[in-house]
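Please look over the sequence and the 3D structure shown below. The report then goes through several local features in turn.

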Amino acid sequence: MLPLKCFEKFLPGGDIAIKMLGNLRLVPGLGDLPRCGGERRAAPPGSLRCNCVGGTGTKGGKVSFVSLGCPKNTVDGEVLLGDLQRSGYKIVKEHEDADAIIVNTCGFVEDAKNESIEAIMEASSVTSSDGKTPKVIVTGCLAQRYGGDLAEELPEADMVMGFEKYSNLPTALGSVLGNGNGQELSTSRVQVGEATVPFREEWDRIRLTASHTAYLRVAEGCDHKCSFCAIPKFRGKFRSKSWDALLAEAKHLVASGVRELNLIAEDTNQYGMDRRGSPGLAELMRELGKLEGLDWMRILYAYPSYFSEELIDEIANNPKVCKYVDIPLQHISNLTLLAMNRPPKEHTVKLLRKLRDRIPNLVLRTTFISGFPGETNEQHRELVDFCKEFKFERMGCFMYSEEDGTPAGELPDQVAPEIREARRDELISLQQDVCVTFAESMVGKEIPVLVDGYSEDGELVGRTQWDAPDVDPLVFLSPPLDPSVPPLELGQLRMCKIHSTSLYDLEAHPVS
C-alpha cells in the first residue's frame with residue numbers, strides 16, 4: 001500500500017501539502033542543476049515538460065508530458081511519446097495547451113514518491129487555454145508499484161497505467177478523452193499488469209534528451225535481493241535485450257545524429273549473462289564502436305560482481321568508450337554490506353583498484369546510502385575514511401529510505417532521520433572538496449568537449465567524457481580566442497582548453 005505520509009493532500013483552501021523529505025542533495029549555490037555531490041532523480045514538478053514538440057495531427061488530441069526518475073524511465077517515456085505521435089496525437093510543450101497530461105512517475109525512494117505525487121497534483125490543477133481541465137494519466141514506477149492504491153488515494157488521476165499496458169496507451173487515452181479511438185479497450189482507470197514484460201522496439205521514439213545524446217537500454221529488471229531495494233518487485237526479473245534489437249536500435253539512433261550512447265540497465269554489466277552463449281557487454285561495446293558517427297559510449301549502473309577481464313580491457317582499449325564507470329556501491333563496511341546483501345568490502349576494494357590500475361585516466365562515479373538500519377558511528381566513520389582515501393571523482397549520497405515490502409524496512413535499530421541527514425551531509429561536504437580538487441587539476445589541459453546546450457544565462461555548456469548527462473559537472477564554453485577557430489555549435493565534439501574553474505564546473509574555449 002502506498003505510504004500514507006505521501007498523501008497529506010489538501011489543507012483548508014485547497015493548498016497542496018506534501019511533505020518533501022529532502023533526501024535529494026544538491027550542491028548549495030548552484031540552483032537546481034545536479035552536481036558532483038548529489039544525485040538528481042527529478043527536477044521540481046512542472047519543470048520537466050517535453051521539450052520535443054512533435055506531430056502535426058490532432059486526431060487523437062494534444063498531450064503534454066512530465067518526466068521524472070531515472071534514465072530507464074526516460075526511455076519508457078520516449079517510447080510512449082513515439083506511440084502517441086504515430087497514433088495521431090500531437091505532443092505539446094505547455095500543459096495549458098494539452099487535452100491530457102502524462103506524469104511518468106518514479107517510485108524508488110520516499111522523496112521520489114513525494115515528488116511524483118506533487119507532480120500529479122500540480123497536473124490536476126492545470127486549466128487549459130480553453131478553460132477545460134486536462135485529463136491526468138499516471139505512468140511509471142509509482143503506477144506499476146501501487147496501481148489500485150494510487151487510484152484510490154488520488155481521484156485526480158484519470159488513469160493509472162503500468163508497464164505491460166504501455167502499448168495500449170494511445171487507445172486507452174482515446175477512451176479517456178472520449179474521441180472514439182478507445183472504444184474497443186476497457187476504460188478501467190487502473191491498467192497495470194505484470195512487471196516482467198517483453199521488450200518492445202525502442203528506436204522509434206520522441207527523445208527527451210538533446211539530439212546528439214541518447215540512452216541505450218541494454219537490459220531491464222533485477223534479480224538481486226538487496227535488502228533496501230524494492231525495484232525487482234516493480235521492474236521485474238533481469239532480462240537482456242536481444243543482440244540484434246540492440247544493434248538495430250543503436251544504428252537508428254546514430255543515423256539520427258546521436259554521437260553519445262549512455263548504456264543503461266539496472267545492472268548494465270550483467271548484459272547477456274541471462275542468455276546462454278550470448279555475447280556480453282564487452283562484445284556489445286566492441287560492435288558499437290564500429291558505428292560511424294558514434295563518438296562516445298558510457299557505462300551507467302554497473303554492479304560490482306560482473307567486471308570480467310574482457311570487459312575491463314574493452315573499457316581501457318576501445319577509444320569510443322568513455323573512461324568513466326558508474327558503479328553504485330551503497331556502503332563499504334562489511335557489517336552494513338552484509339545487512340544490505342551486497343558484495344563484501346574485500347571484493348569491492350580489489351575491483352576498484354584493478355579498474356584504476358588497468359584503465360588509464362579513469363573517473364569513477366558511485367553512490368552511498370547514509371543511515372542504513374543498524375549503521376553505527378564506527379561503520380559510518382569507516383565509510384568516511386574510505387572516501388577520504390579513495391577519492392571518487394564523482395560521488396552522490398542518499399539518506400536511507402524505508403521502503404515498504406523490503407527486508408531492511410523491517411530491521412530493528414532504524415537510524416534517526418536527523419542522524420541519517422548529518423551523515424549524508426558529512427559525506428557530501430567531503431565530496432565537494434574532492435570535486436573542486438579534481439576540477440582544478442584539469443586547468444591548462446586540452447580535452448574533447450561535447451557541446452550540449454545553453455545555460456540559463458545563455459552560455460554554451462558542454463561535458464567531458466568524465467561527465468554523464470544530468471548528474472555531473474558542466475563545462476562552460478566561451479568563444480574561440482583565435483579568430484581562425486570556427487565557432488562552437490550544438491552537438492559538436494570539439495577540442496577545448498580548460499582555462500579556469502567555477503567550483504566543480506570547468507570553463508573552457510575551443511582551440512580547434
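## The largest cavity

The residues that line the largest cavity are Arg-394, Phe-438, Ala-439, Met-442, Thr-464, Trp-466, Asp-467, Pro-473, Tyr-504 and Leu-506. On a 1 Å grid over the protein atoms alone, a cavity is a set of points where a 1.4 Å probe fits but cannot get out, and lining residues have an atom within 4 Å of a point. This is a predicted model, in which local features need pLDDT of at least 70 and side-chain atom pairs count only at pLDDT 80 or more, while totals for chains, interfaces and linings use all residues. Residues are numbered from 1 along each chain as its sequence is written, and side-chain values use heavy atoms, with hydrogens and water left out.

The space in the largest cavity is about 60 Å³; a volume is the space filled by probe spheres set on the grid points, which are joined across faces, edges and corners. Its lining has seven nonpolar, one polar and two charged residues. Here Ala, Val, Leu, Ile, Met, Phe, Trp, Tyr, Cys and Pro count as nonpolar, Asp, Glu, Lys and Arg as charged, and the others, Gly among them, as polar. Over the whole structure, a search finds two cavities of 30 Å³ or more.

## The second largest pocket

A pocket, unlike a cavity, is an open set of points with protein on both sides within 12 Å along at least five of seven lines. The second largest pocket has a volume of about 290 Å³. It is lined by 16 residues, and the closest to its centre are Asp-76, Phe-163, Val-197, Pro-198 and Arg-200. By class, this lining has seven nonpolar, one polar and eight charged residues.

## The chain as a whole

The chain has 12 helices and 19 strands. Both are DSSP runs, numbered from the N terminus: helices are H or I with at least four residues, and strands are E with at least two.

Of the 512 residues, 57% count as buried. Buried means under 20% relative accessible area, exposed means over 50%, and partly exposed is in between, with a 1.4 Å probe and protein chains only. Among contacts (heavy atoms within 4.5 Å) with a separation of 6 or more, 75% are between residues 24 or more positions apart.

## Helices H6 and H7

Helix H6 (residues 243-255) packs with helix H7 (residues 281-288) at an angle of about 35°, and their axes are 11 Å apart. Axes are lines fitted to C-alpha atoms, for helices over the stretch in contact, and angles run from 0 to 180 degrees between N-to-C directions.

On the H6 side, Trp-243, Leu-246, Leu-247 and Ala-250 meet Glu-283, Leu-284, Glu-287 and Leu-288 of H7. This contact has six nonpolar, no polar and two charged residues.

## Two residues with positive phi

Most residues other than glycine have a negative phi. Asn-361 has a positive phi, near 60°, and sits in the loop between helix H10 (345-358) and strand S13 (363-370). Asn-361 counts as exposed because its relative accessibility is 59%.

Asp-470 also has a positive phi, near 80°. The loop that holds Asp-470 runs between strand S16 (460-463) and strand S17 (475-477). With a relative accessible area of 39%, Asp-470 is partly exposed.

## Lys-233

Where is Lys-233 found? Lys-233 is in helix H5 (residues 231-235), and is exposed, with a relative accessible area of 57%. Not counting residues up to four places away in sequence, Lys-233 touches Ala-195, Gly-405 and Thr-406.
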